[in-house]
Amino acid sequence: MPTAEEIKQRIEAAIPGAHAEVEDYTGGGDHFRASVTAAAFAGRSRIEQHRLVYEVFGAEIGGPIHALSLQTAVPDQAEPISAASPQTPSR
Amino acid sequence: MSSTDSNPIRDAIAEAIDEHEVILFMKGTPEAPACGFSARTVATLQAVGTPFAAVDILPDPRIRQELSALSNWPTIPQLFVKGELVGGCDIVTEMYESGELAQVLGADEQAQEPLEPQPQPASQGLSIENRLN
């Protein structure tokens with residue numbers, strides 16, 4: 001079973017420029033909460049941002065990683081690259 | 001998202017998403033959710049107060065499999081509005097807090113077409129109940 005630290009490392013390795021904070025919120029090694037900030041999320045919808053993170057783990061989601069709750073955000077920057085997505089969150 | 005190869009469960013899912021303006025695929029039912037994430041998502045939708053259809057994915061493991069293949073999303077619950085995946089529990093909760101969910105569900109405009117009570121589709125293992133508040 002992965003640890004919160006491993007999950008964090010994998011997200012940060014897979015998504016350029018990502019910073020992830022991950023906690024195991026039941027202590028049981030299979031329910032995680034991750035907060036990920038990445039410039040790579042800019043211009044993407046929440047769905048697309050979450051998909052980027054889920055794709056790091058593929059079939060492990062629902063398996064060894066029973067739950068991975070996500071919050072994603074773009075780092076606070078001056079201007080998003082494109083105005084394509086009206087719902088770019090800024091936190 | 002069209003799939004006409006002989007896969008009745010996938011077809012039933014696609015049809016359900018197409019026919020119901022707001023549809024939540026969840027574990028359990030709105031009255032008796034079987035998981036915390038599904039429960040929270042249902043509660044959020046009920047807080048907005050607009051009608052939604054609900055599908056319990058638990059009766060048949062193929063439902064979840066086909067749904068995830070269709071939506072390219074690995075977890076349950078999944079909320080679709082007007083044929084598009086809006087998100088799971090995290091996204092729905094975030095959108096509720098920002099006010100976006102009420103907008104997307106048309107809570108502001110009372111002019112939404114009322115959902116007519118649908119007969120349960122005869123597809124295997126998929127039962128849909130309309131939640132008309």
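# Close-up views of a predicted two-chain model

**View 1. The largest nonpolar core in this predicted model has 55 residues.** Within this core, the residues with the most contacts are Ile11(A), Val53(A), Leu68(A), Ile23(B), Phe25(B) and Leu79(B). Strand S1 of chain B, residues 22-26, provides the largest share of the core, five residues. Nonpolar side chains in soluble globular proteins tend to be buried together. On the chain A side, Val53(A) is in contact with Ile11(A), Ile15(A), Val36(A), Phe41(A), Leu68(A), Leu70(A) and Thr72(A), leaving aside neighbours within four places in sequence.

**View 2. Chain A has two helices and three strands.** Along the sequence, the elements of chain A follow the pattern α-β-β-α-β. Of the 91 residues in chain A, 41% are buried. Contacts in chain A between residues at least 6 apart in sequence join residues at least 24 apart in 51% of cases.

**View 3. Chain B has five helices and five strands.** From the N terminus on, the order of elements in chain B is α-β-α-β-α-β-β-α-α-β. Of the 133 residues in chain B, 46% are buried. For chain B, 64% of the contacts between residues at least 6 apart in sequence join residues at least 24 apart. Chain B exposes about 6500 Å², with 48% supplied by carbon and sulfur atoms.

**View 4. Strand S3 of chain B pairs with S1(B) and with S4(B).** S1(B) and S3(B) run antiparallel and are joined by four bridges. In this pairing, Ile23(B) stands opposite Phe80(B) of S3(B). S3(B), residues 78-81, also pairs in the antiparallel sense with S4(B), residues 84-87, over three bridges. Here Leu79(B) has Gly87(B) in S4(B) as its bridge partner, and Val81(B) stands opposite Glu84(B) in S4(B). The hairpin of S3(B) and S4(B) has two residues between the strands, and Lys82(B) takes a positive phi near 50 degrees in it. Gln78(B) and Phe80(B) point one way from S3(B), while Leu79(B) and Val81(B) point the other way. These four residues are all buried.

**View 5. Ser68(B) lies in helix H3 of chain B, residues 61-71.** The side chain of Ser68(B) reaches the backbone oxygen of Trp73(B) at 2.8 Å. Not counting residues up to four places away in sequence, Ser68(B) touches Trp73(B), Pro74(B) and Gln78(B). One of these, Gln78(B), is a buried residue of S3(B). Ser68(B) counts as buried because its relative accessibility is 19%, and the cut-off for buried is under 20%.

**View 6. Helix H4 of chain B, residues 89-98, is mostly covered.** Seven of the 10 residues in H4(B) are buried. They are Cys89(B), Asp90(B), Ile91(B), Val92(B), Thr93(B), Glu94(B) and Met95(B). In chain A, these buried residues pack against H2 and strand S3 (67-73). In chain B, they pack against helix H2 (36-48), S3, S4 and helix H5 (100-104). Just after H4(B), Gly99(B) takes a positive phi of about 90 degrees.

**View 7. Chain B and chain A bury about 1400 Å² between them.** Carbon and sulfur atoms give 53% of this buried area. In chain B, the residues that lose the most area to chain A are Trp73(B), Asp90(B) and Glu94(B), together 39% of what that side buries. Counted by contacts, 16 residues of chain B meet 16 residues of chain A.

**View 8. The side chain of Arg46(A) makes a polar contact with the side chain of Glu94(B), at 2.7 Å.** Arg46(A) belongs to helix H2 of chain A, residues 46-57. Arg46(A) counts as buried because its relative accessibility is 6%, where buried means under 20%.

How values were computed
Residues are numbered from 1 along each chain as its sequence is written. Chains are lettered from A and ligands numbered from 1 in the order in which they are written. This is a predicted model: local features need pLDDT of at least 70, side-chain atom pairs count only at pLDDT 80 or more; totals for chains, interfaces and linings use all residues. Side-chain values use heavy atoms; hydrogens and water are left out. Buried means under 20% relative accessible area, exposed over 50%, partly exposed in between (1.4 Å probe, protein chains only). Contact means heavy atoms within 4.5 Å. Accessible areas come from the Shrake-Rupley method with a 1.4 Å probe; for residues, only the protein chains shown count as cover. Two strands pair if DSSP finds at least two bridges between them. A polar contact is a pair of N or O atoms within 3.5 Å; within protein, one must be able to donate a hydrogen and the other to accept it, and residues adjacent in sequence count only if both atoms are side-chain atoms. A nonpolar core is a set of buried Ala, Val, Leu, Ile, Met, Phe, Trp, Tyr and Cys residues joined through side-chain atoms within 4.5 Å. Buried area is the accessible area (1.4 Å probe) that two parts lose on being put together, summed over both.
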